[in-house]
Amino acid sequence: MTSLPSVAKPAPESRKRPLRLARRMSRMGASAVREILKVTERPDIISFAGGLPAPELFPVKAIAEAHETVFSSQGSAALQYSTTEGWKPLREWIGRRMQSRGINADSDNVLITSGSQQGIDLVARIFLEAGDVVVVENPCYLAALQAFSAYEATMIGVGSDEAGMRVDQVERVLMESAPKLIYVVSDFSNPKGTSLSLDRRARLVELSRRYNVPILEDDPYSELRYRGQPSPSLASLDEDGLVIYLSTFSKTLSPGMRIGWVAASSELIYALVIAKQATDLHTSTIEQRAASTLLETFDYDGHISELNRVYGSRCFSMLEALESHFPKGMRWTQPEGGLFLWVELPEGVRADALLEVALRRKVAFVPGAPFFVNAPRRDFIRLNFSNQSTEMIEEGIERLGRAIREQVS
């Protein structure tokens, strides 16, 4: 396989003895996605590897104007320290947005985070000790696995299918392993693009209540729906304060703003605020105020509609290209939204070997193995469709299809 850049740096010549890092670092590997992106950043490569939103769809002008307004009218305050909980007008907007989706939350139940990734880390920080068990869908969002590993947790993966996490397998884990937390991406999961069905949502919330185990519902993608009807979030089904809800503006406004949030019970928000104070004091005051200013006048719903139009076209273009260019009999998911789909390779084809061939054809993807808990599967790949035009999707899938056929023959 094409070698990836090394993360470990050699000690300076003047110092021969290695430094004594924390034991948990031995459990933490570099993100395979981030490392592959270093290899595939050349402009001549058609990359389906990243989970990148399309930069041409960022509302650059509106974001710039919002920053200009903040600096002209709130400059000194925007440059000052602020509260850990976050800028209240922004929390109020988020609270109203969640209430419109049936989630019982107001500004006091919202904590602004530096992207939803920090939310995962903070939840792990307040719940997990070495050896504690987290139930995850297998395969699972890679950066969540990294976050849980940082706290020396044990991840137990349950199966998944077209209807999402196999909730029937969750109860067995709850009975046998007494987990501290259940983690799930409820809509358009990363890496598969599948969503948890309505009956499984209700069942999972019921199990959470019965065994008193909180659910961390990670929901970065649900606004990006291209077909089908939405299901209620787990948080909207929760009556016991056991669902911790995460979301972000990274997939809708800009990942560079690093604005995400956690919505949870008052008890948990208090603990999360304390944990965040020890981490970064607060999320960027400037970016929070700019986001809040933007949302006061910006047609956010119209912007979401445009994202769905473009991303939906790209998703369906990729599905059509897969039908046209991949060998007959191959299988892949049929996402109704989000940024990804998941492909099972023909028997005998390994994703790492295929990547080496694909890169020679100037097309890239992410092998599926790093997304698995414990025993990795090497016969799956993840494809991202949001960051390429329909023309590039057609060309890239045609190249990838040729690379697969080369491995099969």
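1. Leucine 281 lies in the loop between α9 (266–277) and α10. Helices here are DSSP runs of H or I with at least four residues, strands are runs of E with at least two, and both are numbered from the N terminus. Although leucine 281 is not a glycine, its phi is positive, at about 70°. Most residues other than glycine have a negative phi, and most peptide bonds are trans. Leucine 281 counts as partly exposed because its relative accessibility is 43%; buried means under 20% relative accessible area, exposed means over 50%, and partly exposed is in between (1.4 Å probe, protein chains only).

2. A word on what you are looking at. This is a predicted model, in which local features need pLDDT of at least 70 and side-chain atom pairs count only at pLDDT 80 or more, while totals for chains, interfaces and linings use all residues. Residues are numbered from 1 along each chain as its sequence is written, and side-chain values use heavy atoms, with hydrogens and water left out.

3. Glutamate 152 also deserves a look. Its phi is positive, about 60°, and it is not a glycine. Glutamate 152 sits in the loop between α5 and β4 (154–158). Is glutamate 152 buried or exposed? With a relative accessible area of 18%, glutamate 152 is buried.

4. Please check one peptide bond as well. Asparagine 138 and proline 139 are joined by a cis peptide bond, with omega about 5°. Proline 139 belongs to the loop between β3 (133–137) and α5 (142–150).

5. Now take the whole chain. Its secondary structure comes to 13 helices and 15 strands. The C-alpha trace spans about 60 × 60 × 50 Å along its principal axes. For 409 residues, a compact globule would have a radius of gyration near 22 Å, and the chain agrees because it has 22 Å. That radius is taken over C-alpha atoms, and the globule rule is 2.2 Å times the number of residues to the power 0.38.

6. What about cover and contacts? Of the 409 residues, 56% count as buried. The chain exposes about 18300 Å², and carbon and sulfur atoms supply 50% of that area; the areas come from the Shrake-Rupley method with a 1.4 Å probe, and for residues only the protein chains shown count as cover. Among contacts (heavy atoms within 4.5 Å) with a separation of 6 or more, 77% come from residues 24 or more positions apart.

7. Two strands pair if DSSP finds at least two bridges between them. Strands of a sheet pair through backbone hydrogen bonds, either parallel or antiparallel.

8. Follow β15 (residues 380–384) through that sheet. How many bridges join β14 to β15? There are 2 bridges, and the strands run antiparallel. Strand β12 (residues 340–344) pairs with β15 in the antiparallel sense over 5 bridges. Arginine 382 in β15 stands opposite tryptophan 342 and opposite valine 366, while isoleucine 381 in β15 is the bridge partner of proline 367.

9. In a regular strand the side chains alternate between the two faces of the sheet. Both faces of β15 are covered: Phe380, Arg382 and Asn384 are buried on one side, and Ile381 and Leu383 on the other. Strand β2 (residues 110–113) likewise has both faces covered, with Val110 and Ile112 buried on one side and Leu111 and Thr113 on the other. β2 and β10 pair in the antiparallel sense over 4 bridges, and isoleucine 112 stands opposite tryptophan 261 in β10.

10. Phenylalanine 249 counts as buried because its relative accessibility is 2%. Leaving aside neighbours within four places in sequence, its contacts include Leu90, Trp93, Trp261 and Tyr300.

11. Finish with threonine 297, in helix α10 (residues 285–297). Threonine 297 counts as exposed, because its relative accessibility is 72%. The C-alpha atoms of threonine 297 and alanine 66 are separated by 9.4 Å, although these residues are 231 residues apart along the chain.
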